[in-house]
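The model shown here is a predicted one. Please keep the sequence and the coordinates in view while reading.

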Amino acid sequence: MPNIAVVYYSSTGNTHQLAAAVADGAREAGAEVRLRRVRELAPQEAIDSNPLWRAHVDTTAGEVEEATPADMEWADGYALGTPTRFGTPAAQMKQFIDTLGGLWFTGKLANKGATAFTSAQNVHGGNESTILTLFNVFSHFGAVIVPPGYTDPLLFEAGGNPYGVSNASGGKSATASEAELAAARYQGRRLAEVTAKLVA
């Protein structure tokens, strides 16, 4: 089975919750998985202004390793997760993507399975456009995009987003429903299974 990197940014914990489920699903399919968070770029005063943000930063600092380009090179397939910021990925995720130019230039991100997931405050807060923006990135990498589509009934129970699992947080932390977490695990399994065919 393949190596899968699940790389995410999360401020208050919603995208982290989905990332952990995606990673669990890939492991269930037999993949070797690295769960990695991208570097926090926000100033401390901004983080301190939101107790949920501060709590999540402090909790994950000792639990989840920071992502590096080496994780993406190691991976046979990757999942990127980010909260939506005005319908696009958060700056922290974009900055990480911008560090991958050397791997892109040498073709080391190509021919790998790729999928994406996201969270916004509300259902129509830019979830689909954020994932589709990441699909643009995957296209530049030459990756093979692996969306969940409508390949399992449980995806409808999670809101029916064919592009990737998404969560409407309502401004709270760790709000993913069991249906959304099940869909995220399924998305991780599907990424691992499709990627295994690419590396066979």
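Begin with helix α1, which spans residues 14–28, and helix α9, which spans residues 178–199. Their axes are 6 Å apart, and the two helices pack at an angle of about 45 degrees. The crossing of the two helices is right-handed. On the α1 side, the contact is made by Gln-17, Leu-18, Ala-21, Val-22, Asp-24, Gly-25, Ala-26 and Glu-28. These residues meet Glu-180, Leu-181, Ala-184, Arg-185, Gly-188, Arg-189 and Ala-192 of α9. Sorted by type, the residues of this contact comprise 7 nonpolar, 3 polar and 5 charged.

Next come the nonpolar cores. In soluble globular proteins, nonpolar side chains tend to be buried together. The largest nonpolar core in this model has 29 residues. Val-7, Met-72, Tyr-78, Leu-80, Phe-96, Phe-138 and Phe-141 have the most contacts inside this core. Two or more residues each come from the strands β1 (3–8), β3 (77–85) and β5 (113–120), and likewise from the helices α3 (51–61), α5 (91–98) and α7 (127–141). Of these elements, α7 gives the most, with 6 residues.

Tyr-78 can be followed in detail. Setting aside residues up to four places away in sequence, Tyr-78 touches Ala-5, Met-72, Leu-109, Lys-112, Gly-113, Ala-114, Thr-115, Phe-138, Phe-141, Ala-143 and Leu-191. Among these partners, Met-72, Phe-138 and Phe-141 are also listed with the most contacts inside the largest core. A second, separate core has 28 residues, including Ile-4, Ala-21, Ala-31 and Ala-192. Ala-21 and Ala-192 also take part in the contact of α1 with α9.

Which residues other than glycine have a positive phi? One of them is Phe-86, with a phi of about 55 degrees. Phe-86 sits in the loop between β3 and β4 (88–89). With a relative accessible area of 86%, Phe-86 is exposed. Another is Asn-111, whose phi is near 60 degrees. Asn-111 belongs to the loop between α6 (101–105) and β5, and Asn-111 is exposed as well, at a relative accessible area of 59%.

The remaining residues link parts of the chain that are separated in sequence. Met-1 is in the segment before β1 and is exposed, with a relative accessible area of 56%. Apart from neighbours within four places in sequence, Met-1 is in contact with Ala-29, Gly-30, Ala-31, Ala-192 and Ala-196. Of these, Ala-31 and Ala-192 are members of the second core. Met-1 and Asp-76 are 75 residues apart along the chain, and their C-alpha atoms are separated by 9.5 Å.

Val-57 lies in helix α3. Beyond its neighbours within four places in sequence, Val-57 is in contact with Glu-40 and Ile-47. Ile-47 is 10 residues from Val-57 along the chain, with 8.2 Å between the C-alpha atoms. Asp-98 lies in helix α5 and counts as exposed, at 51% relative accessibility. The cut-off for exposed is over 50%. From C-alpha to C-alpha, Asp-98 and Pro-69 are 10.0 Å apart, and 29 residues separate them in sequence.

Methods
Residues are numbered from 1 along each chain as its sequence is written. This is a predicted model: local features need pLDDT of at least 70, side-chain atom pairs count only at pLDDT 80 or more; totals for chains, interfaces and linings use all residues. Side-chain values use heavy atoms; hydrogens and water are left out. Axes are lines fitted to C-alpha atoms, for helices over the stretch in contact, and angles run from 0 to 180 degrees between N-to-C directions. Helices (H or I, at least four residues) and strands (E, at least two) are DSSP runs, numbered from the N terminus. A crossing is left-handed if the near helix is turned anticlockwise from the far one by less than a right angle, and right-handed if clockwise. Contact means heavy atoms within 4.5 Å. Ala, Val, Leu, Ile, Met, Phe, Trp, Tyr, Cys and Pro count as nonpolar, Asp, Glu, Lys and Arg as charged, and the others, Gly among them, as polar. A nonpolar core is a set of buried Ala, Val, Leu, Ile, Met, Phe, Trp, Tyr and Cys residues joined through side-chain atoms within 4.5 Å. Buried means under 20% relative accessible area, exposed over 50%, partly exposed in between (1.4 Å probe, protein chains only).
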